[in-house]
Each structure stands twice: as C-alpha cells, then as structure tokens.
Amino acid sequence: MANPEDARPAESPQGAAVATPPASKPAPKAPGARPAAPPAAQKPPVNKFRRRLIWTAVWGYLAANFFMFLRFFFPRALFEPNTVHTIGYPSDFQIGVNEKYKQAYRIWVVKEPPRLFCIFGKCTHLGCTPDWKPAENKFKCPCHGSGYTPEGVNFEGPAPRPMDRAQVELDATGQIVVDTSRLFSWFKSAGGPDHFEDPGAYITV
Amino acid sequence: MGGFNWQQLWEIASAPDNVPIVALLFLAPFYTWYAFHQARENDRLIDQLEADPKLAKTHHRKTFPWRPGWLKEIHTWPYLMRMELLVAIIVTVILTVWSLTLNAPLEELSNPNLTMNPAKAPWYFLGLQEMLVYFDPWIAGVLMPTLIIVGLMVIPYIDENPLGSGYYTLKQRKFAIATFCFGFMVLWLVMVFIGTFIRGPGWMWFWPGQTWDPGRVVFEPNRDLPDLFGVSSMPVKIVFGAIVMALYVAVVGYGLHKLITRAGFNKKIYERMSVIQYVVMQTFLVVMLLLPIKILIRLLFRIKYIWITPWFNV
Amino acid sequence: MADQVSTTPEPKDEPPKLDKIRQGLKAFSDKAKEDIEALKKPEKTPLYKSMFRVKHDESERSRALSVLTNVFFHLHPAKVNRDAVRYGYTWGMGGITFYLFIVLTFTGVLLMFYYHPSKGQAYRDIVYLMNDVPFGRLLRNMHRWAAHLMVIAVWLHMFRVFLTGSYKRPREFNWCVGVVLLVFTLLLSFTGYLLPDDQLGFWAVTVGTNMARATPLLGHEGPFGPQLGMTPYNDVRFALLGGSIVDANALLRAYIWHCLAIPIIVSLLLGVHFWRVRKDGGISGPAPVQLESEIKPIRKI
C-alpha cells in the first residue's frame, strides 16, 4: 500500500535529499508552488490481487448484510389472535343470516337448509366490513357500496367476487368449530372453480 | 480456604457484559505504552535540540522523516480516506466476530421484589457505584460526577503550559500527565476494575481467585472518626469534623503548592497562572485527593465518616 | 430500370422502397453501435456526469475536489498534515467513535421495528427478537457490543487528546464539547440498558435513579431537599422516571431519551465538535516540538 512518503518529488535511489527546483518538473497552475505530484514510476507496484480480494470482501460483506437486512423484516413466528372458535350448536341458529358472532369473530352464520356456512365479513373489494341490511335483504359495504346477496354473492358495486366463507366443521360434541384463517373463495366472474362446494366450506344440517 | 478458584475467575471474566472490561485491561495499558513510547522518542529529540541550538534552527522538529522539498501536506483523498476505510473495516470485523460469538445478556423479566446479588450498575458506572461504599449517595452519585465533568471541562482553562501542544511528550508536561493519569487510570479505571472483578455478592470484597460465596459472613463494623477521638455531642462533632477537613485542605493544599513551585519549569508555569486559575486548580486537586485517602482509611481502619452534621455526612 | 413500368413519374435517382428501409436500418444500427461504444466509457455518459460531478483521475485538482465537493467527505480538508495519517498519532479513536455511532443508529433503528416500549411487552419482544426473528440475535448483539466499544473508544479518544495536548488554545471549547459528548454517550448507554426490562436493566436503573433522589436541594432525600418541599412525587427523580417507581412511564421515557432525544442532541453537538475541529486548525498534529526556551511570555490584555 503506497504511503504518504511517496508524496514527494523524485529522489535518487540512494535516498539522498535532492532539493529539486520546481522548474525541473512541470509545475501545476500556481507558479512557485511546491513540487507537484510524484511521477507514477516512483510508486511501489500495487498488489492487484490483494486489492481485488479486499474489495470483493468489502462488497461481499455489504451484499450479505443487505440480504440479511431484507430477511430481517420477515419474522418466523407470529403472535396474532387465535382464529379457531367454537360457536355453539347448529340448532342455536335461525334460518338465514345470524349476526351473533359478527362483532366477536367477523363472521355471519348463514343457515339455509340443508346447509350451514359462515361468511367471513371482509368485502372482497378493499377489505372493509360490510353491514347486513335485513330490511333490504342484502349485505352492503359502507366503503364503496358493494352489495351482496344473503348468501354473500356480489351483485352490485365494485366487489369482484363473492365474500369468502370460513372453514366449518363439527367437533366431537356436535358444536360448530369455525377457522377464519382458512377461507374458501369463488372467483365467479373469472369462471373459476366454486370452492364453496368444497368439504369444509359448509356443514350439513 | 481452597486454592485459587480459576473457575470463578473465568465465570466473571467471560460474563458477556464484563468482556469490555477484560478488553480494557489490554487496551488501556497498550495505548498508554503506545503514547509513552512516542513521548519518549519526542523527548529524545527535544533533548537533542536543546543541546544543539544550531540544529534546533534547521531541524523540522519531528521524529518522523522529512527532507526539504518534501510536501508537508498530502491529499486527503486517497491517503487519509483509505486509512479511514481500513480502520472502519477492522472495527467492523471485530464487531461482527464479537457479535457472532457472544450473546448479549438477558436475564429474567424484571421483578421489583427480587434484587439480584450482586446488583451492579453497567460497567462504565461501576466506578461511581464503588464510591457509594465510601461516600453518601448525594456525594458519590451527584456531587462527584458533577465535579468530574466540571473538572474535565476546566482543564484547558487552567493549563498554562504552552508546550506539548500537538505532540506526545512526557518531560514537558510531567505534572499534567501525572495528574490526568492518576485521575483516569487510578481513580476511574481501577474503580471500574474493582467493581467488576473484586466486588461480589453483597458487595463484599473478594480477591481474584476467591469463590463468590453469598453466604460469607463478615463482621466489619464501621466507626466514625469523631467516635475514635471520643467526641460524642453533635455540636462538637460538627466542629471537630470541620477542623479535620480544614486541616486536610491546608496540608494537602500546602503540599501541592510546594510541589508546583519546587522545580524550575513548574515554577515558571505557576508564574504564568492567574489567581483564579490557581485557586480552581487547587480546589479540584484537593477534592480529587480526598478520594483515595478516604478509600484507604475506610479499607484499612474501617473509618466511615470524618465530618458529621445533622444535614450531611462526609 | 428501363423495363420497369411506373405509374407515377419518379426522379431517376430515387431508390426503391426496399433500399430505403435498408438504409434506415443501417443508420439505426450505426447509431446503436455508437451508443454501445459510448457505454464502454460509463464515466463519460451524461447520467454518470449528473451524479458524479468530479472526475476521478489522479490530478491534484480532482483529488482535492473529490473531498471538497462531496457531501459525505467535505468534513475533511483537501489536504492534511503528512504525519497525521499515521495511526500512532490519533489512534483513529474519534473516527472510530463516530463510526460506531452510525452503526448503533442503524442497528438501533432496525431493532425498533420489533420493540414495543410497554412494560409487559418489552421483555417478550427481546426474547422474540433473539429467537424468532431472522438475524435478530446478531443485530441485538451488534448493537450491544458496539455500544460498549463506543464507550471504550470515547474514553481512549479523550485520553489521546489529553496526551497530545490537543485541548490547548485554541481548542479549549472543543474539549468541553467533547466532555459533554462523553456524558451523553454514557447516558445513551444507560437509557438503553433499561429497555429490555430484564433484571439487569431494571436494577441498574433503580440504583442509578435512587442516587438522583439524593441530589442536594432537588432530591427528596438529599441535603436540604425536604426543606425545599421535595417529595417522592415532585423531585428530580420523579421527573426522570415520570413517577415515583421504575415502571411503565420510566420505560417509555428511557425509550424516548434513548432513541430520539439524546441522539438528536448528540448529532447537534457532533456537528459543533467537527466544525470546531476544522475551524481550530484541523487535527492538532503531529506538530513540531517546541522548546522550553521558546515559550513566549503571556500577553496581558
């Protein structure tokens, strides 16, 4: 590594001091300036291999740190509220839309014999929670006006597809267990498969 | 008593938060040596120049090589910048290796009803925590830190010695360096060391190699100086303590005065000082010396307070 | 072409459509070749020149400008004392301290993404960080050890500045700024200590703030404090803790001091500190030695 002692004008190989007058070298702009930068021949040869090694190490370290920085934002375990809930017996619910667990678990329990299913109350437009309007017999989202049938199928407004349905099953005691982290969707207008018919999307009553 | 307990020593030294003090045990002496080494070289040059006035006129006055015609200044880029890059790389490497191999400590959840034994302050405050043994909290925790900070800030304003500005030297700044090293090494770093390695459970004194036994029984009742002299009534205690303190200030102040005005060079600097500078310097030095004296009389003679009043104790 | 039948009168030398297309393509490909040639010298492109305003060759001018016109480098002068580059003079401690401060800021900000400064949550967050966050353990370790290294570096920096007499005129004020920075470094460490809300931090802060209650005049257990009306609910310790006990308020205050207030103050003081280094004449040395016989008498005002 060239050191500052090289920042001096040329001297004889014996190292004897030579106070070379400035005129002997093409001086930079200012006249009478100190002797200028050394001729390149005086510098010891740069160890290209070592230099490349160090720069590779530096950039490599920084690149590794960059990827670590990105990965850092994705924790491995999450502590979020429980999504599995027991909501009672099928006989607890009336025919049609039940709002009993809308506030607690964001679901409407819909009983239309021979089926019972749970609509997950998240508007498929941009995620607001719609309202059930019994007088108009439809779900209406207050955010942008999406409208859904009592079965949760979209028919007006910007909603692209019906509201999803949460997984339901009966436990050993016969109570309904709903899991709102497992949702069944039907991309109706795109002609997608109707997952509302999948096992787990409804229970038979 | 068993033999030297290496296991105990290793446990203390390897505790993650004690690693910096172990590092300091190497770094402080090393850098002191490094500085003094350069100082000695400079002092040799100074001796040379003082012996030879003609040389003093033509010499470039540094221990580093230089010839007429050489540049006195060099470009920041690349010479300084790449030194900085190198230092940054080395520090990063040290930090990364340290972080990969040693985990930061995390004890159990805080519990206001259970104090650990020993309950130690962070290592950089252990010096102050050690002071709590010898002084009341308002002195050790409030007055002393204030005096340290103000004392440090006052240094440039009471230092009338123009020599040694910008280079290492010992012989031209004996007093200043001795005082600072005393304050920094002895009073601060040694206290940190004691707080880390010597003070164990119950803040009891354990020599290196002794097992940290929380159940060790000690019987070291303290006595106060007035009691030693048979003084029992409060008004007399106040007066007695005041007299002792005044005597201390007088003796130490006088001793310091003699020291400062004794040698030729010191006297020369003393004559340059104004009254305010001199008084400030004396005040801080006297208070500073009170520390080791109080520590010694406590450790050796179990004396707790010198000056007792209804409002404060020293 | 004599045997061609043309319906519209055309000038004799106008090339047919196909040639025109071929010519157009050739012109396009020539231009493309020019562009590719230009890209082989990226430092001559307008894009590069808009970002880097200085040529990076080895002339004196470029070397000086690359420092003076760069927002990150222009703290430095264009040239320095040839011997100041030696490690032995400054030990690099000031620069190391600053570098560690930057490392601590960066790692600290990242740590903030996973930390809630609330009494029950804080400890769990640290455990979470050490176990369930990728590289969380490494990050926390780096933050802690960099903090300790910074305290050590700042002490060594102070020691070096003293031993080289670099606090003497005209640098007295900068020394004082440095002392204040030292105090704030220790306070940063101290406030950070409490944040994991573990036994270590909790009792360290308890001991520390209990000393505050012994402050003369301002503490409810200090000399003359009670006489001035100090109680556990209005003395200086109360102001520090936001309460009479080390609890949720203390944690939040420590968090804000540690992450926001003190770093802002330190940054301002660092600005002053660096500014003064430059204005007082740069790094103090290594300076030529002065002899005792050369001491000038004091100038009386």
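1. A salt bridge is taken here as a side-chain nitrogen of Lys or Arg within 4 Å of a carboxyl oxygen of Asp or Glu. On that basis, 5 salt bridges are counted between chain C and chain B. One of them joins B:Asp17 to C:Arg144, with 2.8 Å between the closest N and O atoms.

2. The model is predicted: local features need pLDDT of at least 70 and side-chain atom pairs pLDDT 80 or more, whereas totals for chains, interfaces and linings use all residues. Residues are numbered from 1 along each chain as its sequence is written, chains are lettered from A and ligands numbered from 1 in the order written, and side-chain values use heavy atoms, without hydrogens and water.

3. How many residues of chain C and of chain B are in contact? With contact meaning heavy atoms within 4.5 Å, 96 residues of chain C touch 105 residues of chain B. About 9,700 Å² is buried between the two chains, 70% of it on carbon and sulfur atoms; buried area is the accessible area (1.4 Å probe) lost on putting two parts together, summed over both. C:Arg82, C:Trp145 and C:Gln199 supply 8% of the area that chain C buries against chain B, more than any other three residues.

4. Rings of Phe, Tyr and Trp (its six-membered ring) pair if their centres lie within 6.5 Å; planes under 30 degrees apart are stacked, over 60 edge-to-face, and the rest tilted. The whole structure has 50 such pairs over all chains. In chain A, A:Phe66 and A:Phe69 are stacked, at 6.5 Å centre to centre and 25° between the planes. The two are about one helical turn apart, because they lie 3 residues from each other in helix α1 (residues 48-71) of chain A. Helices (H or I, at least four residues) and strands (E, at least two) are DSSP runs, numbered from the N terminus.

5. A cluster linked by ring pairs draws on chains B and C, including B:Trp123, B:Phe184, C:Trp155 and C:Phe190.

6. A charge sits over a ring if NZ of Lys or CZ of Arg is within 6 Å of the ring centre and within 35 degrees of the ring normal. B:Lys294 is placed in this way over B:Phe135, 4.8 Å from the ring centre, and A:Lys100 over A:Phe93, at 5.9 Å.

7. Strands pair if DSSP finds at least two bridges between them. Strand β10 (residues 176-184) of chain A runs antiparallel to β1 (residues 84-86) of chain A, with 3 bridges; here A:Thr86 stands opposite A:Val177. Strand β9 (residues 165-170) of chain A also pairs with β10(A) in the antiparallel sense, over 6 bridges.
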